[in-house]
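Q: Take me through the charged side-chain pairs here, please, and then through the strands that line up into a sheet. I'd like one connected account.

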Amino acid sequence: MSTSGTVAAVDLGATSGRVILGHVDTDGVRMEHVARFPNGPVTLHEHDREALHWDVVELHRQVTDGLRQAFASHPAIVSIGIDSWAVDYGLLRDGRLLGLPYHYRDERHEGGVDRVHRRMDAAELYARNGLQHLPFNTVFQFAADPSLQLAQRALLVPDLLGYWLTGVEAAERTNASTTGVLNATTRGWDPALRAAAGLPAGLLPTLRDPGDRLGPLLSSVADAVGGQAPVTLVGSHDTASAVVAVPATEPDFAYISSGTWSLVGVELDAPVLSDAARDANCTNEGGVDGRVRFLKNVSGLWLLSESVRTWERDGASIDLEALLASAAAVTAPVPVFDPADESFTAPGDMPARIAAWCGDHGLSAPASRAEFVRSILESLAAAYAETLATISTITGKDVRQVHIVGGGSQNRLLCQLTADRTGLPVLAGPVEATALGNILVQARAAGLGGLRGASLEALRATIARTVEPVRYTPRSSDASLRQSTSRRRMSV
């Protein structure tokens, strides 16, 4: 049996989606991008407000078209895997979608928090699901959703797309762990959490694990894409796949999956459900092979991208590379703000919100676009450092190096500032960590590259042979840290 072959990774993010071929052999992984398409919220009028949704029907069309291009490029694809962002879901009745899924930034979920907490207090909720409190966690979205009473099944976004491709309903466990309805200890659906969310009986599908075969493509789908291959479950929460592809060769590492959000954490064998973990608002999410991603969601490059969108809407032409170079050249102190503040969550004029935050906290706002960018990146790096210090204290894990993966690993200034603020070496890359993790879990399941039965460490060794991270060493000068004197200490 050949140990070389090709799989297709469908990687869906909050701003774009891709279909990527992964060619795997005993030498490593080679990726080939075959399709890229935009993604983002759509606004629909609902009664007296404008609501944010995901156009999953268009996503399905784009995924199908991307798979058609993949099979045209390489007919012998042996597997397909899908990952996406977490928490959002579609509702089905008689196999039909009841409406476009809500976007996690929509305000609808706000009433759900109080409804859940009236049924179960925050301490018990954390003891059961181990999740960081975020108002858009699925458990709160469920509690605010009157359509649940009409539905027969709820499927998270990658599970919904898998259903449309195969006709099989399932809940992949790493993404299910982000819902707040999965028990962090038993790793099964928790009846008390289901009751707290007000879920009707039978709404949640059977749980499955990364590496399980979901099923072959429906004949109609196979005809549309011009080929046939099974859909294999991967770490369908994109961060679960990204952490698989951290090229760590030593156990004492931390990771930052850096994109729209920054997910800052360590990998553990068991959840930490202590009062200290809950007070620090850390989360226990499922990883591949039963590992626990003990982490905290920190606002990410959303702050920068939304600022750029604001300036472009005002008529400016923004060259991001030039803007980052200007930000790196800033020598005057800039304010360091709390990137987790709820005022930065919704889309809108981010520079105005940052300036307002600074005014509210007695700080001078940045005076130029370069200073705004420097302020954003300094604030993110400071939040990373505080978060890692807190996580190390809670877990007792002695972190020796930090791996930054995802799109943020290309931001040289952010990587250097993270090394400076943490005092630890930073290894940046791979950029396409999520797709690589998706590919490797598929490859292991298919027996490609000699990986059948391989440990998570062996998968990471494959990445380390394939990708050489860029190393950033903490600068001895404390010049970049002078700005911390103007910073309000954040709670973590």
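A: R68 is partly exposed, with a relative accessibility of 39% (buried means under 20% relative accessible area, exposed over 50%, and partly exposed in between, using a 1.4 Å probe and protein chains only). Before going on, a word on the ground rules: this is a predicted model, in which local features need pLDDT of at least 70 and side-chain atom pairs count only at pLDDT 80 or more, while totals for chains, interfaces and linings use all residues. Residues are numbered from 1 along each chain as its sequence is written, and side-chain values use heavy atoms, leaving out hydrogens and water.

R68's salt-bridge partner is D65, with 2.7 Å between the closest N and O atoms (a salt bridge being a side-chain nitrogen of Lys or Arg within 4 Å of a carboxyl oxygen of Asp or Glu). Both sit in helix 1 (residues 56-73), and because they are 3 residues apart, about one helical turn separates them. Helices here are DSSP runs of H or I with at least four residues, strands are E runs of at least two, and the numbering starts at the N terminus. D65 is partly exposed too, at 25% relative accessible area.

Next up is E169, which meets R153 in a salt bridge at 2.7 Å, N to O. E169 belongs to the loop between helix 5 (157-166) and strand 10 (171-172), while R153 is in strand 9 (residues 153-156), so this pair ties together parts 16 residues apart in sequence. E169 comes out as partly exposed, at 29%.

Then there's D398 with R400, again a salt bridge at 2.7 Å, N to O. D398 is partly exposed at 40%, whereas R400 counts as exposed at 52%. Beyond pairs, salt bridges also link E46, R49, D106 and E107 into a network. Over the whole structure, the search turns up 25 salt bridges.

Strand 14 (residues 253-258) runs parallel to strand 18 (residues 401-405), and 5 bridges join them; two strands pair if DSSP finds at least two bridges between them. In this pairing, S257 has V405 of strand 18 as its bridge partner.
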